[in-house]
Amino acid sequence: MDKKSKIYLYIIFGVVALMLLLEVITPQPLSWEESYTSGDKIPYGAYVLYNQLEDLFEQEVESIKVDPVSFLKNHQEETNTNYIFINNYLAFDKTEMDYIMEFAERGNKVFVSTQSITGVSGDSLKLESNKYYSYYKEDTVRVRLNNPLFENRSYIYQKGSSYRHFVSYDTIRTTVLGEVLPFEPVKGYLKSVLGEKFDLDKDSTKTILKKTIEKSKSRQVPQANFIELKVGDGAIYYHLNPIAFTNYYLLQEGKEQYVSEVFSYLNDGPVYFDDYGKSGRRVVSSPMRFILTNAALKWSWYITLGAILLYFVFKAKREQRAIAVVKPLENSTVEFTKTIGNLYFQSGDVSGIIHKKISFFQQKLRSKYFVNTEHMDEVFIKRLAVKSGVSQEQTKEIIEYINQLRKKSVHSDYELKQLNKRIEAFFKD
């Protein structure tokens, strides 16, 4: 490599090193995406919760990275266990609900925390939650559990929370365990909806005002957001404030107590934590996908590709005269043999064609397998079978047939066809 090329290469490596250094020392922006996965340390991840479950239950905790059906098929005999689902949105299909119900009937408990219940889940359990709405840009809510042992303690959630509650449930088999109340439900609400000025004389304004007041009043009454549904010997729990289980709130003083109170209703057996149906679930199916899903690795990959491209651009300059391509001489022996064979065929000389076919066959053996065809005996047959990969029986058959034809002076059309058939079969295999 000449001096100029080395300088270019040093410059490229220097730029790459500088960009990597800047990438490492630059603080990464905080992600407020809702993840709920056990390995995520971002505010709305579940790293803190997952690592505290073992201490909370004093039992083994397992992260489940497959769908519920695949998991429950392999755990059809277990009892007194817990299966925890936490995500901003969960929609089980009919098959999943059937397996979950059967799992609960054996005495296990299923805990589901999500912002709403829809589809098959709602139909199977006869549950319905309210539609999403927010009174403020950040909807502050207050939750509490109904158990007297918890001394009517309430917990306030603001960032990332929403006012969600059940509007319909089966009162026969459902127990309300927790409620939601808005925090300062009326203050500033009318002003934010109607604006600074509004005319009470207009019918449309009266209608809006009436509906607004009614909705505001409804939020001053406790409404269920945590329920228990008895299923056989077990139960299914539905909770509508999943944000309470994230790192952001569990690291706030006192908020961990609410989580321990909620989980106190579950079994004292092993815990299975769902990491499959998550908004932040990472799907890595190839090394390249893993690189491109990681910001630092992705930029390193792009920079490396760019550096290699620049290097080739600078090295594209021709450094010597182009060498002309000389085509090798063609071996025309085979073509010549075919031509002569065709002439013999037109003249009707069967024996001549057979001799040319045999010559063509021997020539091809010599050029393809580098064997001496002067003596086609038993030793030759074994050697040819090994080099050609054709079975020794088939090799022996065609060689003996050729030797037989060479001893005769007169041949028939049938023998010519048989010879041609055997030659084609030999090289086809």
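**Conventions.** I worked from a predicted model, in which local features need pLDDT of at least 70, side-chain atom pairs count only at pLDDT 80 or more, and totals for chains, interfaces and linings use all residues. Residues are numbered from 1 along each chain as its sequence is written, and side-chain values use heavy atoms, with hydrogens and water left out.

**Entry 1: strand β3.** I took helices (H or I, at least four residues) and strands (E, at least two) as DSSP runs, numbered from the N terminus. I used "buried" for under 20% relative accessible area, "exposed" for over 50% and "partly exposed" for values in between (1.4 Å probe, protein chains only). I looked up strand β3 (residues 109–113) and found five of its five residues buried, so the strand is largely enclosed by the rest of the structure. Both of its faces are covered: K109, F111 and S113 are buried on one side, and V110 and V112 on the other.

Which strands pair with β3? I counted two strands as paired if DSSP finds at least two bridges between them. Strand β2 (residues 82–86) runs parallel to β3 and is joined to it by five bridges. Within this pairing, F85 has V112 of β3 as its bridge partner. I followed the chain from β2 through helix α4 (residues 94–105) to β3 and noted a right-handed β-α-β crossover. Right-handed here means that, with the strands pointing away from the viewer, the path from the first strand over the helix to the second runs clockwise. Strand β10 (residues 234–239) is also parallel to β3, again with five bridges. F111 stands opposite Y237 of β10.

Entry 2: I then turned to strand β9 (residues 223–231), where eight of the nine residues are buried. β9 pairs with β10 in the antiparallel sense over six bridges. I noted V231 with G234 of β10 as its bridge partner. Two residues lie between the strands of this hairpin, and G232 takes a positive phi near 60 degrees.

**Entry 3: aromatic rings.** Rings of Phe, Tyr and Trp (its six-membered ring) pair if their centres lie within 6.5 Å; planes under 30 degrees apart count as stacked, over 60 as edge-to-face and the rest as tilted. By this rule I recorded 25 aromatic pairs. One of them is W32 with Y248, edge-to-face at 5.4 Å centre to centre and 70 degrees between the planes. This pair links distant parts of the chain, 216 residues apart: W32 lies in the loop between α1 (3–25) and α2 (47–57), and Y248 in helix α8 (residues 247–250). W32 is partly exposed at 36% relative accessible area, and Y248 is partly exposed at 28%. I also traced a cluster in which ring pairs link W32, Y44, Y155, Y157, Y248, Y249 and Y258.

K159 lies over the face of W32, 4.5 Å from the ring centre. The charged end of K255 sits over the ring of Y157, at 5.0 Å from its centre.

- S161 lies in the loop between β6 (154–157) and β7 and is buried at 8% relative accessibility. Its side chain reaches the backbone oxygen of Q158 at 2.7 Å. Leaving aside neighbours within four places in sequence, S161 is in contact (heavy atoms within 4.5 Å) with D139, T140, V141, N241 and I243.
- D170 belongs to the loop between β7 (166–168) and β8 (174–182) and is buried at 18%. Its side chain reaches the backbone nitrogen of I172 at 3.1 Å.
- S35 is in the loop between α1 and α2 and is buried at 2%. Its side chain makes a polar contact with the side chain of T37 at 2.8 Å.

**Entry 4: positive phi.** Most residues other than glycine have a negative phi. Where are Y36 and E151 placed? Y36, with phi near 65 degrees, is in the loop between α1 and α2 and is buried at 1%. E151, with phi near 55 degrees, is in the loop between β5 (141–145) and β6 and is exposed at 61%.

Methods. A polar contact is a pair of N or O atoms within 3.5 Å; within protein, one must be able to donate a hydrogen and the other to accept it, and residues adjacent in sequence count only if both atoms are side-chain atoms. A charge sits over a ring if NZ of Lys or CZ of Arg is within 6 Å of the ring centre and within 35 degrees of the ring normal.
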